[in-house]
There are 2 protein chains.
Amino acid sequence: MILTVTLNTALDITYRVPSLRPHASHRVSEVTERPGGKGVNVARVLAALGHQVTVTGFAGGTTGQILRERLMQVPHLTDALVPVSGTTRRTIAVVDDLSGGTTQLNEPGPTITPAEWSAFQEVYEDLLAGASAVALCGSLPPGIPVGAYAGLIRTARAAGVPALLDTSGAALRRGVAGRPDILKPNTEELAELTGSHEPLRATQDARRRGAGAVVASLGAEGLLALSPEGRWRATPPAALRGNPTGAGDSAVAGLLSGLVDNLPWPDRLTRATALAAATVLAPAAGEFDRQAYEELSGRVTVSAQVPAA
Amino acid sequence: MILTVTLNTALDITYRVPSLRPHASHRVSEVTERPGGKGVNVARVLAALGHQVTVTGFAGGTTGQILRERLMQVPHLTDALVPVSGTTRRTIAVVDDLSGGTTQLNEPGPTITPAEWSAFQEVYEDLLAGASAVALCGSLPPGIPVGAYAGLIRTARAAGVPALLDTSGAALRRGVAGRPDILKPNTEELAELTGSHEPLRATQDARRRGAGAVVASLGAEGLLALSPEGRWRATPPAALRGNPTGAGDSAVAGLLSGLVDNLPWPDRLTRATALAAATVLAPAAGEFDRQAYEELSGRVTVSAQVPAA
């Protein structure tokens with residue numbers, strides 16, 4: 001079983017409008033709702049690939065209830081979310097029909113009490129006993145100590161479970177000190193962590209801060225990976241037109257899937273890159289196009305990078 | 001008891017953001033939720049004035065459940081909403097902290113089945129037996145015939161209950177044919193109904209189409225009323241700075257309150273104008289400031305209008 005942790009789950013709502021204009025009134029033509037938060041998205045992709053996956057983190061209130069009802073319907077996915085007294089946040093993505101652009105409105109998450117955080121840590125430790133890998137994903141809701149991820153990574157290590165970290169800001173800076181097996185920053189997170197906008201230099205720097213391997217997602221340019229076994233660049237076959245929402249989460253799912261399948265690094269990167277590209281191409285944000293994934297898997301280029309002098 | 005009908009109830013959500021920018025991501029700093037739809041807003045103001053009020057219309061799904069739980073907490077208000085299989089819509093008002101401007105996103109309402117519409121009509125007829133006045137407010141959800149309000153007005157007349165209509169578009173055009181006792185359009189609705197942008201002429205025209213009395217709400221310029229007893233202009237003491245959301249609903253509440261209290265027309269208009277002004281001045285959208293209402297009640301000017309030649 002692969003475990004994904006989403007401390008700040010969300011009910012992701014998408015609205016379609018002809019064109020969003022500030023201070024105007026809009027009739028929403030289409031409403032879609034789905035369980036969200038990065039770890040939940042990663043779990044859904046893993047489940048679609050046929051992996052047994054368990055989702056933990058927090059859920060509460062009516063939005064938490066809707067989220068759990070939806071998760072129950074996903075094959076291969078087990079809900080181990082910890083109930084909280086607060087209400088799970090909503091995120092609203094307003095998609096312009098005309099421009100295709102997306103305006104994002106994110107509610108703050110519920111405040112987690114110390115008792116709820118303790119309850120989660122017990123559940124997490126129990127779940128690790130049956131896990132082959134764990135992904136720690138997304139932001140921390142109010143009430144969770146900023147060093148939370150470092151502690152969760154140490155608990156995973158003690159249980160012999162490899163941990164992947166995908167977060168941002170202070171949670172990333174403090175989390176990397178816990179020495180995750182894999183760190184998956186995007187370009188902005190990498191720059192924020194290291195102060196460098198040069199991907200190779202920044203990736204090296206991030207690895208020096210404690211990560212076993214760093215896989216940087218560089219948007220349309222694919223992935224850059226630095227690991228004890230080598231360094232690689234993985235690129236999709238061509239520039240892709242579509243919605244990049246969730247592409248990073250699909251890349252995380254690909255890396256974990258390849259890890260638990262014991263694939264060599266270049267094959268893990270191929271899987272991650274093809275999944276991310278197939279997510280950009282899918283009509284619904286955050287879903288991946290299975291046919292495109294299978295077709296793209298044969299067309300990703302992975303090249304070994306020569307270490308810098 | 002005063003009855004208010006809201007066929008397209010809503011859960012009104014307000015988000016505060018520093019400044020809404022299309023295609024950007026926003027952290028929402030404050031989330032508030034309250035039961036909405038014009039008739040629900042009217043009922044809340046009537047209840048705050050001490051009237052016994054009953055709310056009917058439709059509610060369904062988790063949003064409908066939240067709406068009903070909130071209504072249960074309002075003193076003097078009775079929930080007689082008819083359950084439906086669809087989900088009550090949400091509306092989202094995104095308020096810019098910087099500019100104070102509001103961007104509105106309105107979900108479509110649930111589709112009402114013929115059986116649900118029949119069930120409503122039975123409930124409505126039963127409720128009229130105990131009602132001293134009825135307000136028919138807001139848009140029609142999908143599935144409701146466009147002439148619905150005309151039929152509901154005729155049922156009210158048969159029961160001897162005076163009916164006020166406050167809607168827009170085709171529902172207004174067709175509803176006025178039912179001969180409501182009072183029609184309460186705003187400037188745009190009046191122009192849409194009559195084709196005239198000249199308030200007095202348009203109000204006369206609207207009355208000729210079948211309304212017993214027409215009270216046009218002209219924003220900061222107050223109310224213009226044409227009734228069998230005369231014609232008046234009611235104006236607030238000064239230009240008011242604030243949020244006009246819900247001011248029209250408060251005016252409707254004032255008109256109904258004055259009607260059931262058997263006030264002469266000028267006093268009804270004073271009450272309606274002072275309530276609308278006190279709603280503009282209130283910090284929360286759609287609430288009214290009770291102290292401002294009492295103070296403004298003494299400062300509204302009502303002047304009789306000489307009939308046009």
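**Close-up views of a predicted model**

View 1. B:His26 is buried, with a relative accessible area of 4% (buried means under 20%, with a 1.4 Å probe and protein chains only). B:His26 belongs to strand 3 of chain B, residues 25-27 (strands are DSSP runs of E, at least two residues, and helices runs of H or I, at least four, numbered from the N terminus). Apart from neighbours within four places in sequence, B:His26 contacts A:Thr103, A:Gln104, A:Leu105 and A:Asn106, together with B:Val17, B:Ser19, B:Leu20 and B:Arg21 (contact: heavy atoms within 4.5 Å).

The model is predicted: local features need pLDDT of at least 70, side-chain atom pairs count only at pLDDT 80 or more, and totals for chains, interfaces and linings use all residues. Residues are numbered from 1 along each chain as its sequence is written, chains are lettered from A in the order in which they are written, and side-chain values use heavy atoms, without hydrogens and water.

**View 2. Helices 8 and 9 of chain A.** The axes of helix 8 (residues 247-260) and helix 9 (residues 265-281) of chain A come within 7 Å and cross at roughly 150 degrees (axes are lines fitted to C-alpha atoms over the stretch in contact, and angles run from 0 to 180 degrees between N-to-C directions). Helix 8 of chain A is therefore roughly antiparallel to helix 9 of chain A (angles over 145 degrees). Residues in this contact include A:Ala247 and A:Leu259 of helix 8 and A:Trp265 and A:Val280 of helix 9.

Key: Angles under 35 degrees count as roughly parallel, over 145 as roughly antiparallel, 65 to 115 as roughly perpendicular and the rest as oblique. Buried means under 20% relative accessible area, exposed over 50%, partly exposed in between (1.4 Å probe, protein chains only).
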